[in-house]
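I opened this notebook to record what I looked up in one structure. The entries follow in the order in which I made them.

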Amino acid sequence: MSTALAAAEAAPGFLSPSGVEIVFVLVGIVTLGAAVVTVTTRQLVHAALWLIVALGGLAVEYLLLTAEFIAWVQVLIYVGSVVVLLLFGLMLTRAPIGRSPDADSENRSAALAVAVASAGTLLWVVVDAFRTTWIELDGPAQGSTEVTGAFLFRNWVLPFEALSVLLLAALVGAIVLSRKGGRAAERAGATPPREDAR
């Protein structure tokens, strides 16, 4: 009994966080702030750039949780592919660089209610699912390449490939929209043939 109490007293508690825990909280605050700015700014390009900050903050959080493989997947796929694809889509569709009044639908109260309800539901599901789950830190690394790769390509290969097709469809759609817009502008700017030229 005394050894258990001594071990509990020797272990760092909630009021004495380690340096990693402090950095984790600070990066989490920055990531949350970047995510809020992403969905509240009216400039589409700025929203994409703040999304890079938010996704990069998640990658740092994964590194602090010693899940290096997941962190590099976050950087390579989300920061390096999805955001670049989003920026290409903005450029190919000639989206406005400055403020976009069309991007605001004036439904902020409904959007806030949906966001709060979604966050509450997600929090309740996660807490309920992991209420009695304990992670053994002395066991094999759960974030290693071998474990994650086997789990991803054995159980989640179909959603993984579906996401690839979805990203390809989004890129093709952006190219098609940009070509149609360019042709319409050329037709609008073309002068009608003169009568004496006939």
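What percentage of the 198 residues of the chain count as buried? I found that 15% of the 198 residues do, where buried means under 20% relative accessible area, exposed over 50%, and partly exposed in between (1.4 Å probe, protein chains only).

**Basis.** I note that this is a predicted model, in which local features need pLDDT of at least 70 and side-chain atom pairs count only at pLDDT 80 or more, while totals for chains, interfaces and linings use all residues. Residues are numbered from 1 along each chain as its sequence is written, and side-chain values use heavy atoms, with hydrogens and water left out.

**Whole chain.** I looked up the secondary structure and found seven helices and zero strands. The order from the N terminus is α-α-α-α-α-α-α. Helices (H or I, at least four residues) and strands (E, at least two) are DSSP runs, numbered from the N terminus. The chain exposes about 15,500 Å², of which carbon and sulfur atoms supply 71%; accessible areas come from the Shrake-Rupley method with a 1.4 Å probe, and for residues only the protein chains shown count as cover. I also looked up contacts (heavy atoms within 4.5 Å). Of those between residues at least 6 apart in sequence, 69% join residues at least 24 apart.

**Helices α2 and α3.** I next took helix α2 (residues 19-40) and helix α3 (residues 44-64), which pack at an angle of about 160° with their axes 8 Å apart. Axes are lines fitted to C-alpha atoms, for helices over the stretch in contact, and angles run from 0 to 180 degrees between N-to-C directions. The two helices are therefore roughly antiparallel; angles under 35 degrees count as roughly parallel, over 145 as roughly antiparallel, 65 to 115 as roughly perpendicular and the rest as oblique. On the α2 side the contact includes V20, F24 and V27, and on the α3 side it includes W50, L51 and L64. By class, I recorded 15 nonpolar, four polar and one charged residues in this contact. Ala, Val, Leu, Ile, Met, Phe, Trp, Tyr, Cys and Pro count as nonpolar, Asp, Glu, Lys and Arg as charged, and the others, Gly among them, as polar.

**Helices α3 and α4.** How do the axes of α3 and α4 cross? They come within 8 Å and cross at roughly 175°, which makes α3 roughly antiparallel to α4. Among the residues that meet are L44, L55 and Y62 in α3 and E68, Q74 and L90 in α4. The class count for α3 with α4 is 19 nonpolar, two polar and one charged residues.

**Q74.** Is Q74 buried or exposed? Q74, in helix α4 (residues 68-92), is buried, with a relative accessible area of 7%. Leaving aside neighbours within four places in sequence, I found Q74 in contact with L55, L58, A59, Y62 and V79.

**T66.** I then checked the loop between α3 and α4, where T66 lies. T66 has a positive phi of about 60° although T66 is not a glycine. Most residues other than glycine have a negative phi. T66 is exposed, with a relative accessible area of 54%.

**V82.** My last entry concerns V82, in helix α4. V82 is partly exposed, with a relative accessible area of 25%. Not counting residues up to four places away in sequence, V82 touches I77 and L167. The C-alpha atoms of V82 and I52, 30 residues apart along the chain, are separated by 9.6 Å.
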